[in-house]
Amino acid sequence: MAQPLECQSEGEDMAQAIRMDRTGGPEVLYLQDVEVAAPGPGQVRLQHKAVGLNYADTYFRSGIYPVPLPSGMGVEAAGVVLAVGEGVDNVAVGDRVTYTGFTNTLGAYSTEHVVPANALIRLPDGIDFETAACITMRGLTSAYLLRRIHDFQPGQSILLHAAAGGVGLIVTQWAKLLGLTVIGTVSTDAKAEMARAHGCDHVINYSHEDVAPRVRALTDGRGVDVVFDSVGKDTFMASLDSLKRRGLMVCVGTASGTIPPFDPQILARKGSLYLTRPALADYIADPLEKQALLAELFDHVAHGRIRIDIQKRYALQDAVQAHRDLESRKTVGASVFVI
């Protein structure tokens, strides 16, 4: 059995990758020297410069998102094209690119990686590698939440759980550009300060405040138009109780665990509520739609309307600690592996 984060050599001058042979806690991750094959038809070999660290990575590691084992880890990174396979014409050697995906890009926790060319996004000059690795998944997630899930109008309100997280800080800033009122939830005073600094109108520290009553008080009893809930089991009922009549509940993550089965009649009893559990893959499957979302995201970031504050940088061999920090909710804002 592989030992956690002890480099297992299979040869000299190899690339390095974080791997796992079994699902479980952060301790199942280990660093290994690996061979990286030449790209096949439709594929590209990349040299990574920065790798995204996302809460969704823990779902692959724990088995919530099942994948064949042994497996690599991570689905998002930015770097430089080293080689292209037959038939690739959307990128060339030397191009600066980023990518995010699902099982088709799994293995991003690595120094080099072979990925499908159609997953790659060419980086504009105003976006550096570390920023790209922090915003490809988080930024596209924020983009579809605000630009596709609901037809937001100025003056509407949202409740945003994990407001000081990587997605939360992007959503908050983008929501303010759309003229929305943002009520964010956090677990500490430091996170509350971070959320306010990025534009959150009202911050609820759920460590000592009840979310739904506070939301009702802030909205004169009406409730919010939309809830973005990335926490899941622990916040589900409070989120429903925070919505206005015919409001929309967006279940976008399960950081505290999967939402248990419930009777849909509860949606009627609480005000004819709507509920959706979206997935990023379904909002970027159309290349034209993906490009439109990216263009808006990159424009906001490049011009400083949305700023990305990278709060934590890890070395690749620190993947175990990075996952522990994620799951203990120690991270604030964006985190990234620097290669």
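**Reading contacts, burial and cores**

User: Among the contacts in the chain with a separation of 6 or more, what share comes from residues 24 or more positions apart?

Analyst: A contact means heavy atoms within 4.5 Å. In this chain, residues 24 or more positions apart account for 68% of the contacts with a separation of 6 or more. This is a predicted model, in which local features need pLDDT of at least 70, side-chain atom pairs count only at pLDDT 80 or more, and totals for chains, interfaces and linings use all residues. Residues are numbered from 1 along each chain as its sequence is written, and side-chain values use heavy atoms, with hydrogens and water left out.

User: How many helices and strands does the chain have?

Analyst: Both are DSSP runs numbered from the N terminus: helices are H or I runs of at least four residues, and strands are E runs of at least two. The chain has nine helices and 16 strands. Its radius of gyration, taken over C-alpha atoms, is 20 Å, close to the 20 Å of the globule rule for 339 residues, so the chain is as compact as a globular protein of that length. That rule is 2.2 Å times the number of residues to the power 0.38.

User: What percentage of the residues count as buried?

Analyst: Buried means under 20% relative accessible area, exposed over 50%, and partly exposed in between, with a 1.4 Å probe and protein chains only. Of the 339 residues, 53% count as buried.

User: Is S142 buried or exposed?

Analyst: S142 is buried, with a relative accessible area of 0%. It belongs to helix 2, residues 129–147. Leaving aside residues up to four places away in sequence, S142 touches V167, I170, V171 and W174.

User: Where does G166 lie?

Analyst: G166 lies in helix 3, residues 166–177. At 15% relative accessibility, G166 also counts as buried. Residues up to four places away in sequence aside, G166 touches R138, G333 and A334.

User: Which residues have the most contacts inside the largest nonpolar core?

Analyst: A nonpolar core is a set of buried Ala, Val, Leu, Ile, Met, Phe, Trp, Tyr and Cys residues joined through side-chain atoms within 4.5 Å. The largest has 85 residues, and those with the most contacts inside it are Y109, I135, L146, I158, F228, I308 and F337. Helix 2 gives the most to this core, with ten residues. Apart from it lies another core of 15 residues, including L159, V211, L243 and L273.
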